[in-house]
Amino acid sequence: MSDGQVTSQTLLESLMKEERRFAPPAEFRANAWVNDATPYEEAARDFESFWASHAENELHWFKPWDTVLDASNPPFFKWFSGGETNICYNCVDRHTQSWRRTKAAIVWEGEPGDSVTLTYQDLHREVQKFANVLKGLGVKKGDRVSIYMGMVPELPIAMLACARIGAPHSIVFGGFSADSLRDRINDAQAKVLITQDAAWRRGKPGPLKPIADQAVSQTPSIEKVVVLRRAGDAFPVEMTPQRDYWWHELMATADRDCPCEHLDAEHPLYILYTSGTTGKPKGILHTTAGYNLGTHMTTKWVFDLKEDDYYWCTADIGWVTGHSYIVYGPLSNGATTVMYEGTPDYPDKDRFWAIIEKYRINVCYTSPTAIRTFMKWGTEYPARRDLSSLRLLGTVGEPINPEAWMWYHENIGHEKCPIVDTWWQTETGMILITPLPGYVTTKPGTATIPFPGVVADIIDENGEPVAANTGGYLILRKPWPAMLRTFWGDDQRYVATYWSRFPGVYFTGDGARRDEDGYYWVTGRVDDVVNVSGHRLSNIEIESTLVAHPAVAEAATIGRNDAIKGQAISAFVVLKAGNAPTEALKKDLRDWVAQKISPIARPDDIYFSADLPKTRSAKIMRRLLRDIAEGRILGDTTTLTDPGVVQEIKQRYITEGREEG
Ligand code: ATP
Ligand code: MG
C-alpha cells in the first residue's frame, strides 16, 4: 500500500462509529462573532480581498500597501507589500487612545501566589522604556535579541519592545539546556540576551542565569546580557562586569518615550525554533503585517473574544502558541490575556482550576497532554473549584483523543462550553484548521474545517486529492498571511522541507483524512504510522482506543521491526490513578484494541510506564520509543522535558523483555 494511505480500511470503519455531535449552544451562537457561513463564502469568492478587507478594518497602518499578495517569486510569498505598520503599535499604542487605556492587558499570576495586572497604559510605558534600554545597549533595527526567561510579565514587555524598534526576537524556552540555548543564539547571531536569575517551578527557583552564562561563554555574537531579578535573595547570581546589567537598574533611568519604527510589512518579527519532535529544530522566520493579521483574526473568531472576557492560554511563551495566542493575537485585539508562571500541580493538582476560579476566566486554551494528565489525576481536582465562568475551551499541540475531548467537555466545560480543537504549526504562525465555535458543529477528535481564507487539501503521493475517508498528506494550496517566510539563513532548506515534495503546495508533514462531512482528522506525522502485514495503521488511532479504556490515561504506540509481520506494535501505557499494572490488565488492553479496531491492531507488547517521553512543548516523542524498541542508541534527547523518563522506559524494556501477544 502507498505511503499516502495512512489509515487502513478496518480502522476507518471503527472510527466512523464516532457519532457524537455537538452543535453550538443557541445562546453562544446568537452572540458569536461568526455564526453563519458568510466569512467562508466571502473568502471563497475573493481570497485576496477577504484578507485585505480585514487588514484594513482591524489593523493600523502607517502607510497602505500596494499589493495584497505578491506571489511573483514562490515559495517566497510577500503579504501587503509596500505597506508600513508596527505590531507593537497594534498591540499597545492604539489601545491607549481609547477607554481601553485603563483596561487590564496582562493579568499575571506568579507561582508563589503573587500577581500583577498591567493595564494597556502600564504596558505602553514599560514597553517604551525597555525599547529605550535596548537602544541604549546598542540594539538597532534588524539586530537579533535572544530571550531566555520564564513566564514573567517582563517577557511580553521585552518581546513588544523588540517589535517596536524592529529588532527580531528569538525566544528560547526556559527549560532548555545551555547547549540548546547556545546553538539557537549562534544560529540567530543575536547581539543581546535577556534572561532572569531564576524562575519559580514547583516552589523552588529553577536556575536560568547560570545556564545562560554557560551558553554565552560560547556565543561570540552576544555583547550584552540583561538580567531580570525574579527570585532575588532566594537565588543569588553572579554578574559579569561590562556584559551583564540588571533589568531594574536599566529601567530606573530609561527614557519614557520611544516612538514605534515604521516597519515594512515584511520586516522580520521573530525567529522561533520548532519543538524538534521529528528531528533537529528549524529556525522559523515570521514577519510583521501578515502575522499580525493572521493571529488577530484567528484570536478574534476562534476564541470568539469579547471586550470583557478574561482569556487564558496555558502554553509557555517559549512556544509558538504563546507567541501567537498569549501575546500578539490577544493584545492586537485589545483583550485581557492571563499568564501563569508555574506548573499545574503546585501547590496542588487543582492549580489551573484555582486560577480559573480566581480570575473568573471565560476562555481557556490548553493542550491534549495537559488534559490527559488531568484525567490521570482524577476528577476530584476540577470538582473542587467553581468553573462556571468558562464559556469556551480550546486545545492545540497534538491530535486530541476523543475520550480526552469528552473528559474536557464534561469535567471542565460542564457540557455547556464549545471546544475548539485547533490544528496549526510553528510554521503556520496562526491556527489553520478549527471550528468557529458559533457556527461549526464539533465532533470529538477532529479539528473540523479550515479557517476562512485557508485552502487545505489531502492528497496521495501523486498529488491527487483523495476520496472521503481515505488517508493522505495534509497540504495547503494557497499562501496564508501568517505563514513562515523561510528558515533563518537557509532558504534552500525551507524550499526543500515544505515545497518540494509536491510542487506548488505547502506540505505540512502531517497525515490526515477527511470524513463525509468534510471534517479533517489529523492522524499525526506522516512517518508516524505502523505497517502490520501490509496494513497501515495510524498510531494516534490505536492510542485513542487505548485511552478510551477506563484504566488508561495516556498511551503511545510505535511500530518496531518484526521479521514476520514487517512491523509489530509496542504500546507504552500510563494508567489512571488507582489502577494496578497487572498481566491481566495487559491482556485486557490487547483484547480491547483487537475488539474495538481489529485483531491487526492488537498491540504485540504493552509496557506500563509512569510517564511518556515528551518534548518540552508537551508532545509525545515516538521516535525515541522506536529507538528503544529497536535497540538503537537514543536519538537527540535535548528537547525532552525529562530525559529520565526515556531512560527508565528503556531500562524496563530491557529487563521485562518482549512478550509475544
Ligand atoms: P518539529 O517540526 O521540529 O518536529 P513539531 O512539529 O512538534 O516539531 P510544532 O510546530 O510545535 O513542532 O507542532 C506542530 C505539529 O503539532 C503539527 O504538525 C501536528 O503534527 C501537531 N498538532 C498541533 N495541533 C494539532 C491538532 N489540533 N491536532 C492534531 N495535531 C496537531
Ligand atoms: Mg513540525
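**Close-up 1. Arginine 477 pairs with aspartate 457 in this predicted model.** Their side chains meet in a salt bridge, 2.9 Å from N to O (side-chain nitrogen of Lys or Arg within 4 Å of a carboxyl oxygen of Asp or Glu). Arginine 477 sits in the loop between β22 (472-476) and β23 (486-487) and aspartate 457 in strand β21 (residues 456-459), so the pair ties together parts 20 residues apart in sequence. Strands are DSSP E runs of at least two residues, helices H or I runs of at least four, both numbered from the N terminus. Arginine 477 is partly exposed at 35% relative accessible area; aspartate 457 is buried at 9%. Buried means under 20%, exposed over 50%, partly exposed in between (1.4 Å probe, protein chains only).

**Close-up 2. Glutamate 543 bridges to arginine 622.** The closest N and O atoms are 2.8 Å apart.

**Close-up 3. Polar side chains contact ligand 1.** A polar side-chain atom of aspartate 421 lies 2.7 Å from a ligand nitrogen. A side-chain N or O atom of threonine 426 is 2.6 Å from a ligand oxygen. Taken alone, ligand 1 exposes 640 Å², and the protein buries 94% of that (Shrake-Rupley areas, 1.4 Å probe).

**Conventions.** Residues are numbered from 1 along each chain as its sequence is written, and chains are lettered from A and ligands numbered from 1 in written order. Local features need pLDDT of at least 70 and side-chain atom pairs pLDDT 80 or more, while totals for chains, interfaces and linings use all residues; side-chain values use heavy atoms, without hydrogens and water.

How values were computed
Polar contact = N/O pair within 3.5 Å; in protein donor to acceptor, adjacent residues only side chain to side chain.
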